Amino acid sequence: MRKYIVIIVLFSNVIYSQISSDLVEFTKPYPSVSNLMNLVDIPVNTHTGVPNIDIPLINIPTTSKNANINVALSYHPAGIAFTSSASDVGVGWNLVAGGIISRTITGIPDEYLRGHYTGLANAMGISPIPYEQIVFDDIYSYNFMGYSGKFKIKYNQITNIAVIEKFEVDNLNITCEMLFQKVASFTIHDGHGLKYIFNVKDKKNSLHYMNMPFVPTSQPSEAQRQQLNSVNAYHLSKVYDNNNVKLVDITYSAHIKQTPIENHEVITNKLNKIEVTNSGIILFNYQYISSLEATLNDPFELREITFKNVNNDIINKFKFDYVGLLIKENRRHLNSIEKYGVSELTNEKHKFEYNTEVNNTSPFYCNDTFYYGTDMFGYLNLISNLGFTAEYDEYVSDGMNYEIFLERTNKDICLYGALKKIKFPTGGVIKYDFESNTFRYSLSPNGSNQNFLHLYDIENSDNHVYTEILNTNYIADNGNADIPLVISGTQPVKLFIKLYPTAYFSQANDPIDEPLYASFKIVGNQVEEILQSTTATCLGDFIILNPGTYNIKVNSMHTSYGSIVVTKKELTSAPLKEWVYGGGLRIKKISHFNSEFDTTPQREVNYEYNIFDNQNLTSGELYDGYFRGFENNKSTNTQISYKNVKVYDTQNNGYTKYTYESYTESPHYSNSSSLGYFKNYFGYKNGLLKKAEVFNDFNTILKVTENEFEFLELDVPMYINSMIDYHFGWYYAKPCWAKLASKTTKNYFYPNGGTTPNIVTSNETFTYNPINKQIASHTVNNSVGETLTTNYFYHTGNSSFSQNRISEIERIETKRGSELLSESKINYSNTFAGNQSFLPSTIEVKKGNSPSEIRLRNNVYDEFGHVLEMQQESGMKISYIYGYNKTQPVAKIENMDYASIPTNLITAIQNASNGTNEQALIDALNNLRLALPNAMVSTYTHIPLKGVRTVIDPKGDKQTYHYDNFNRLQFVKDSSGNILSENEYHYKN
């Protein structure tokens, strides 16, 4: 449904149901960007059954303690759906590096909105009236440096001011620069005041319905679709600290493709270089494959990542290899990652295997009677190659429609392409067994819970039993034969009748060489029905018969023969499996092996998702709604959430039962206004753990943890139709913060191996800072009757360059009841030379009611916030010299203030450290030691981004650190060359 309908509903109250759902088009970002958003849309936890599968590659610290650059690969099973293109690192995998704000366009792009109406032309010839506030309905998803979430934009056309409306309640401050109703860039400040700039833009073209009448009464034609050019992603380019010092600079390679339409160029940006100031460089090498443009593959393929220090020395290099899996479409799959050290003579290799077995258990499909399609969630399934089949006839007889029939989930086929195994560099293996999700409830458009249990006898093949009740050959003497068929029981039965007539020829036939076949009909018990000799399914034609006696009559022009097989389909006599398959994959089992040749795992973790006290009933809920216009808008971002998850872990010799809050069981819906309201919707989405119960192998309870939550909603309605994949209709939710309010923990101890436990109980409560959403107080009522409280207070000062610095701890106090036990306080100052940011000046400590004492003073900082001089109260001063472009300490001088160190010695040390001659640095450090006879001097040299190289203590004793080809510490030697310690590395799963 298009954007102008939002306006009509809100301001004109016009009925909109006459327009079908495919008027809303969801334009997603480029393949790799879109796949990365799976990490935002579907949380990784036991609540969703999505395991945490990451391959860390690179970590570089910045000069800020609050920011590190991490490069990793992350796997999410939602990426295997066939509505998703393979990313630039393969199906299911995402490169986590830098950051991005992607945009999902709902209807037409926001920047094409004009006044009260959408479209480039005025509706009905009336000039549009500017909005003072437009709530744009495009959805922006951010994922960068550990932060993720979604937001929309409220825009004032008159003042050109945009306000960000976040779906999550967090401590990020997001702003955007608008240029003629278009977003030019985004700026995000985190809770520490660090600034992130997103201004490198991807662009793409997409078709949209335009120039529609104000009140449409019919489905628009294709002629009303117009190609629009819009930005669909904003890449992170720079990170700054509170002093406006650039921490990170990220550059991209732009691939620009011209189109026949003027100013409609398509721009795709791929990472080129991440440069961490004064520290290291990461280079990315992509290959563009033009032949993949029109396929389910990102045409860009990551081939190599090179990690260097500031001296241009290679620290590591990673090479990526891929393989294609051919079913339905040849999509890229990551085959291996090879990691090289200082030289390329040795490497470490991660090898990946995927599920390529197509184990179809459906009795309806055999030989070549099917082709591969996709289910309603976008995952691989099977579709009959011969049109309407006996299986479809049966499906319709149970009240289902053709579209749902074609888009059913096949629990076996949907696993195709999922990650199966990771082989680690020294032989260890982790094997992943995925399975189809199951669900029973969904939110419905009227706020009630849509119960799918009435479908499980139809949808769930686990409940079906096929019994062959007749298998016979026949001879139709003189062209006729009667084959008796007896149906016992008291209820109608479903039968499949497979006919195998042999061809015969007749002189009376014209032409005489054309084969003829017998005809068949079933007669008896007031039934006379012609049977078809179908080859559409393995089981044959479908029919329902009441109990009784029947004859299958064979008729032909001459004597003929053949065979007949009758199969009865019925529900199993075992308890029915009460669930429907679909909605993607969940983890079933993770097995750890010491070697790929081992058959017995060293460790195995198994997952179960059914109701704890009813293993025949799934606890799965289709969290984001069933009415999503599947026929036109298949989505890979469906979230199945589980109320009960049971995890068996052989390493822990027991199991844990997790109980999550169920949104469908909570009072969540109201319809007091013209629009329905889903209360606390976003608070439940990431999974709220209500209870965790730990048992040993003998089913003895060991520990129980119970949590209670409080919800805080902002009064900012978010209209769900355009926000959650368009499947609720006209309803709304609000940004919600689910706060852990209390936690009760019970530990069970069994004295002398008995069965009666001693229970130790601890009750905890939490309050939160309303500004930064961090913990304000933590109170523990322990088993001995004490009430212990820890209170946290935060500093909120900003420099002239920073905003939103709200998360730095200023004071911590602990109490027993009302009695103050201790207090620690950091006093901040922004008056240090070369700094405008607030930095710790003194640290005070207080015990009980005694006066507070200053324990530590920081007297001098450099421009990066490194302490250059500190002292304990009434103690000696300790000074530090930072080298290697002021990233690493190279000297510690005790009993001397920083100002007393000769400036020429500091300069000489820093200049030498910035070069590549280690001996020159050691000589400069020795000169420092000789020049300061009254100080205790310790010196250090480093191999940038590897580790410390040498340490010389105040007595002159030297230790040297040696590293292997992969930059791991190998051994440590003293000044005489004796090995003090040695490390060997063996991979463990």
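1. Serine 874 sits in the loop that runs between β57 (867-872) and β58 (877-883). In this predicted model, the phi of serine 874 is near 65°, a positive value in a residue other than glycine. Most residues other than glycine have a negative phi. Serine 874 has a relative accessibility of 78% and therefore counts as exposed, the cut-off being over 50%.

2. Methionine 145 is another non-glycine residue with a positive phi, here about 45°. Its place is the loop between β7 (139-144) and β8 (147-156). With a relative accessible area of 24%, methionine 145 is partly exposed, because that class covers the range between 20% and 50%.

3. A positive phi also occurs in the turn of the hairpin formed by β60 and β61, where leucine 945 has a value of about 65°. Three residues lie between the two strands of this hairpin. Strand β61 covers residues 947-952, and its pairing with β60 is antiparallel, over five bridges. Histidine 942 has valine 948 in β61 as its bridge partner.

4. Strand β60 (residues 936-943) is also joined to strand β59 (residues 888-894), by four bridges, and these two run antiparallel. Within this pairing, methionine 936 in β60 stands opposite glutamate 894.

5. Which strands form the open sheet of four, and in what order? The order is β27-β34-β29-β32, with antiparallel pairing. The edges are held by β27 (464-476) and β32 (541-545); each has a single partner strand, so one side of each is left without a neighbour in the sheet. On average, neighbouring strands of this sheet are turned by 25° against each other, direction ignored.

6. In the sheet of point 5, strand β29 (residues 493-501) and β32 run antiparallel and are joined by five bridges. Isoleucine 497 is opposite aspartate 541, which belongs to β32.

7. The second largest pocket has a volume of about 590 Å³. Its lining consists of 26 residues, and those closest to the centre are Leu415, Asp433, Phe434, Glu435 and Lys588. The elements that contribute two or more residues to this lining are β23 (419-423), β24 (429-439), β35 (580-593) and β36 (603-608). Of the elements, β24 gives the most, with seven residues. By class, the lining of the second largest pocket comprises eleven charged, nine nonpolar and six polar residues.

8. Is proline 299 buried or exposed? Proline 299 has a relative accessible area of 2% and is therefore buried, the limit being under 20%. This proline lies in the loop between β16 (280-288) and β17 (300-309). From proline 299 to arginine 332 the C-alpha to C-alpha distance is 9.9 Å, with the two 33 residues apart in sequence.

9. Some totals for the chain close the note. The secondary structure comes to 64 strands and nine helices. The chain has 989 residues, of which buried residues make up 53%. Of the contacts between residues at least 6 apart in sequence, 59% join residues at least 24 apart.

Methods. Residues are numbered from 1 along each chain as its sequence is written. This is a predicted model: local features need pLDDT of at least 70, side-chain atom pairs count only at pLDDT 80 or more; totals for chains, interfaces and linings use all residues. Side-chain values use heavy atoms; hydrogens and water are left out. Buried means under 20% relative accessible area, exposed over 50%, partly exposed in between (1.4 Å probe, protein chains only). On a 1 Å grid over the protein atoms alone, a cavity is a set of points where a 1.4 Å probe fits but cannot get out, and a pocket is an open set with protein on both sides within 12 Å along at least five of seven lines; lining residues have an atom within 4 Å of a point. Grid points are joined across faces, edges and corners, and a volume is the space filled by probe spheres set on the points. Ala, Val, Leu, Ile, Met, Phe, Trp, Tyr, Cys and Pro count as nonpolar, Asp, Glu, Lys and Arg as charged, and the others, Gly among them, as polar. Two strands pair if DSSP finds at least two bridges between them. Axes are lines fitted to C-alpha atoms, for helices over the stretch in contact, and angles run from 0 to 180 degrees between N-to-C directions. Contact means heavy atoms within 4.5 Å.
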